[in-house]
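This briefing sets out the structure shown below, topic by topic.

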Amino acid sequence: MPIMQGVVEQEKYLSEYSMIEIARELDMPASEVYGTATFYSFLEYKKMGKYIIRICKTITCSMKGKNQVILAIEDMLKINVGETTPDGNFSLLQTNCLGFCHKAPAMLINNEVYHDLTPEKVREILSMYLNRKKEGGSHDN
Amino acid sequence: MTTNYQLKRADFIFKNENDWEEVLSKSISRSPQELINELISSELKGRGGAGFPTGLKWKLTAEAVDDPKYVICNADEGEPGTFKDREILSMVPFKVLTAMAVCGHVIGAKEGYIYLRGEYFFLRPELNKVISEFEYYCREIQFDFTIRIFMGSGAYICGEETALFESMEGKRGEPRNKPPFPSSFGYMGKPTVINNVETLAHTYTIFTYGAKRFYDLGVQYSRGSKLFSVSGDTPKPGIYELELGMSLADFVDEFGDGDTKAVQVGGASGFLVPRKRFNETAIGFQGKLTGISLPTGGSMMLFNSSRSMFNVLDNYLEFFREESCGQCTPCRVGCQQLLMGIKAVKRGEKNAQYLDKLLRLAETMQYTAKCGLGQSVANSFSSIVENFREEMIY
């Protein structure tokens, strides 16, 4: 599992190619690697954006206005839950309890936690990421 | 009706971490037998929710003849509404590490692991720093014990102890058959003590102040204090350390917003208690107390009268359906059917009597599911459907 976690950290998801490679290196059937990967919700096996947004959908967060937060994000990034932006920068997902029920609603962007969200706050956070992405992009060139 | 127990606050967990070096060296100079007796007489029970006596667990593993043995700290805190373990690991990590090392001394293990849930990845750098400082001290006093962090990857079921072992061994996190129990056949098939973060933190309290101090808190069958994660419709959400055995009515007086309709005790796998039964419900482990006594992993979710219980149940079932590992049929199919069933009743496609059928299905799951997840779906399902039947139908 640490191998797969490493791959996910680097590439954000486990491609068919990497799963077959892992299986070959460990000398085990590729189906077993696939079985393990698909079991865990943090091991993605579909192509994901650079920033993965996971919104807690469990009870306290939904009571405290998770849906408005999701609408705000969907509106801003022009994607629905489960989709990735065409430029491959953001993916929006829902996940089960993050353990921030006392500071609901909460979300993870990659490994960063944001809590006590409101539609306004989430717009601010996302614009921060959008700006960072622009700066990061210029460095790459 | 008056209640016998007032809400009693305690303050052990988040206090006095700095003497860990002293506690560690003092504890490992005592004999394992003495430490086990101390734990048994404190009547500390596992704080993850199941409530197995901790002293007995250590004793059984200490008696197992096999090598090597392991100590595992279960920090896969996935139950909706709990967040105490994260707080312990970020505020008093040395207590947990010390307790793990003492446990290693008692059972004869040289390796410890912390299974940290994937959602708490951000804790890892800080925790690694603390661990290296801790191991440095262990080397100084020539005590051989190492601790590693193992990251989970977002699966609720991995908090079940045998599923956690499977996951650590790099497989799908599916629970094993029990017996054999972890005390003889745990991680890598070796004797293993696996304790919740909070349980370990409590053993630290016991080794510091002695069993008597701990035993004096709480009520019969439910000794000591416990952290409660309070969330939902409450003016003061957060983590509170309270003595066990208080009545739910007192709890609601303290934390409710004046309009509390029901409290979910123990997270999605726990029970929902409606207002009319607050008085007769006590919080603690099962025992022969008067009224009902509910065990809990510490999750307390309050709902006020603006909340629809249908939405709550819908949310729980959605959660279980996703987190069911799919290994055994009652749980895999049962969760889906319960969810589809209540939706059909709500839409009017099925009549109200269909709910009784669903209740029977939930009961079947309770008896036939392999692990705690499938068995406990019935807890929340039955307690919500029975108490708020009208809300399910209309």
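The points below cover the two chains, their contact, and selected local features. The model is predicted. Chain A has two domains, residues 2-39 and 51-140, while chain B has three, residues 20-215, 218-304 and 309-393. The contact between the chains involves 27 residues of chain A and 35 residues of chain B.

**Chain A: overall layout**

- Chain A contains 6 helices and 4 strands, and their order along the sequence is α-α-α-β-α-α-β-β-β-α.
- The C-alpha trace of chain A extends about 50 × 40 × 20 Å along its principal axes.
- Chain A has 141 residues, of which 38% count as buried.
- If contacts in chain A between residues at least 6 apart in sequence are considered, 60% of them connect residues at least 24 apart.
- The centres of domain 1 and domain 2 of chain A, taken over C-alpha atoms, are 27 Å apart.

**Chain A: the sheet**

- The 4 strands of an open sheet in chain A are ordered β2-β1-β3-β4, with mixed pairing.
- The edge strands are β2 (90-95) and β4 (112-114) of chain A; each has a single partner strand, so one side of each lacks a neighbour in the sheet.
- On average, neighbouring strands of this sheet are turned by 20° against each other, direction ignored.
- Strand β1 of chain A, residues 51-56, is paired with β2(A) in the parallel sense, over 6 bridges.
- Within β2(A), A:Gln94 is the residue opposite A:Ile55.
- Helix α5 of chain A, residues 66-77, lies across β1 and β2 of chain A and runs at about 155° to β1(A).

**Chain B: domains**

- Domain 1 and domain 3 of chain B have centres 33 Å apart, taken over C-alpha atoms.
- These two domains are in contact through 8 residues of domain 1 of chain B and 8 residues of domain 3 of chain B.
- On the domain 1 side of that contact in chain B, 5 residues are nonpolar, 1 is polar and 2 are charged.

**The contact between chains A and B**

- The contact is made by 35 residues from chain B and 27 residues from chain A.
- On the chain B side, β7 (225-232) and α11 (309-323) each contribute at least two residues.
- The most is given by α11(B), with 6 residues.
- By class, the side of chain B that touches chain A comprises 13 nonpolar, 14 polar and 8 charged residues.

- B:Leu227 has B:Glu241 in β8(B) as its bridge partner.

**Chain B: helix α10**

- Helix α10 of chain B (residues 248-255) has 6 of its 8 residues buried, so it is largely enclosed by the rest of the structure.
- Those buried residues of α10(B) are B:Leu248, B:Ala249, B:Asp250, B:Phe251, B:Val252 and B:Phe255.
- The cover over the buried residues of α10(B) includes β7, β9 (260-265), β10 (271-274), β11 (281-283) and β13 (299-304) of chain B.

**Chain B: packing of helices α5 and α8**

- Helix α5 (residues 93-107) and helix α8 (residues 197-209) of chain B pack with their axes 8 Å apart and at an angle of about 80°.
- Angles of 65 to 115 degrees count as roughly perpendicular, so α5(B) is roughly perpendicular to α8(B).
- From α5(B), the residues in this contact are B:Lys95, B:Val96, B:Thr98, B:Ala99, B:Met100 and B:Val102.
- From α8(B), B:Val197, B:Leu200, B:Ala201, B:Thr203, B:Tyr204 and B:Phe207 meet them.
- The residues of this contact of α5(B) with α8(B) fall into 9 nonpolar, 2 polar and 1 charged.

**Chain B: residue Val333**

- B:Val333 belongs to helix α12 of chain B, residues 329-347.
- B:Val333 has 14 other C-beta atoms within 10 Å and is partly exposed, a class that lies between exposed, at 12 or fewer, and buried, at 20 or more.
- Although 32 residues apart along the chain, B:Val333 and B:Met365 have C-alpha atoms separated by 9.8 Å.

Terms used: Residues numbered from 1 in each chain as written. Chains lettered and ligands numbered in written order. Predicted model: local features only at pLDDT ≥ 70, side-chain atom pairs only at ≥ 80, totals over all residues. Domains from an automatic or database assignment. Contact = placed C-beta atoms within 7 Å. Nonpolar A, V, L, I, M, F, W, Y, C, P; charged D, E, K, R; others polar. Pairing = 2+ DSSP bridges. Axes fitted to C-alpha atoms, helices over the stretch in contact; angles between N-to-C directions. Parallel < 35°, antiparallel > 145°, perpendicular 65-115°, else oblique.
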